[in-house]
Amino acid sequence: MQYPEWIWHNGAIKRWEEATTHVMAHALHYGSSVFEGIRCYETPSGPAIFRLTDHNTRLYASARIYEMPMPYGLDEINAACREVVRRNGLTRAYLRPFAFRGLGGFGLSADTPVEMSVGAWFMGPYLGPGALETGIDACVSSWQRFAPNTIPAGAKAGGNYLSGQLVAREARRLGFGEGIALASTGLLSEGAGENLFLVFNGTLHTTPVSAALLNGITRDSLIRLARDAGIEVVERDLPREYLYLCDELFMCGTAAEITPIRSVDGRQVGAGKPGPVTRRLQELFFGLFDGSTPDRYRWLEPLDA
Ligand code: PMP
């Protein structure tokens, strides 16, 4: 990865190599960080950050769950996100605002001060070149998601991604593009870093927030875009075997955008290529950035605001 030149750290823009923390930082030892992933797209009216405020609102919600007092406010972090993209001369970017417990005190319940930072860099399709067009081969992981009364899946916290790493690394090691995890109930949860949608007879089905998943902002956007386009959407518990029976299947997330899945566990999904509902949603979603889908919810937040 080619590192960008500038990064925002604790209230100031710094050179990449100067934005450091101590090896004894609490977050390194105990996973005490919360973060977001946000994309900036080029649009006909200039670069725009997709649902910047909604993402950063979730950042504060994650911090609240873990009782992390945030040293900067939402407006400051929104401004920091814009500044980092601009300073690095980026127009298409992936942004990573985050907060973590740094140095000072060392117990699990220590009131270790919270630091905040925002990075931004160029990122193409997360699940590999061509993934958006041809789809990927996925597998159901041998690892389950954490049970709801263990680690809250609704917080986007660093520690959660140990689970995600087990799922994603196992999938890649076995030659798959991504892993899908079951919840501790045995029902479908989500991908290692993506929510799931299944299509049956033209209707979209997605797993509910009670299935140990992150309530994705892309998921929410697609539910709204689909309903506005007259496509029925059902949030429901789904058993694993529905992966093998559905007409279409795709993953979604900020990084993965809308990635079709052409097979699961070596079994072909539908026609083995992106189906009509998946392609329609891709059109509606990416249409937000070329202007062909009206931005009726004001999701595009201009870079130069
Ligand atoms: N689930 C997990 C575990 C994720 O890490 C992500 C990516 N943040 C998502 C779902 C999708 O969330 P969003 O659409 O808000 O990026």
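In which sense do strands E4 and E5 pair, and over how many bridges? They pair in the antiparallel sense over two bridges, where pairing requires at least two DSSP bridges between two strands. This is a predicted model, in which local features need pLDDT of at least 70 and side-chain atom pairs count only at pLDDT 80 or more, while totals for chains, interfaces and linings use all residues. Residues are numbered from 1 along each chain as its sequence is written, and side-chain values use heavy atoms, without hydrogens and water.

**Strands** (DSSP runs of E, at least two residues, numbered from the N terminus)
- Cys-40 of E4 (residues 38-41) stands opposite Ile-49 in E5.
- Six residues lie between E4 and E5 in their hairpin, and Gly-46 in the turn has a positive phi of about 105 degrees.
- E4 also pairs with E6 (residues 93-101), antiparallel over three bridges, with Arg-39 opposite Tyr-94.
- Ile-38 and Cys-40 on one side of E4, and Arg-39 and Tyr-41 on the other, are all buried (under 20% relative accessible area, 1.4 Å probe, protein chains only).

**Domains** (bounds from an automatic or database domain assignment)
- The chain is divided into domain 1 (6-121) and domain 2 (131-290).
- The contact (heavy atoms within 4.5 Å) takes 21 residues from domain 1 and 24 residues from domain 2.
- Two salt bridges are found across the interface of domain 1 and domain 2 (side-chain nitrogen of Lys or Arg within 4 Å of a carboxyl oxygen of Asp or Glu).
- Arg-51 and Asp-220 meet in a salt bridge through their side chains, at 2.8 Å, N to O.

Definitions and conventions:
Buried < 20%, exposed > 50% of the residue type's maximum accessible area, 1.4 Å probe, protein only. Helix = DSSP H or I, 4+ residues; strand = E, 2+ residues; numbered from the N terminus.
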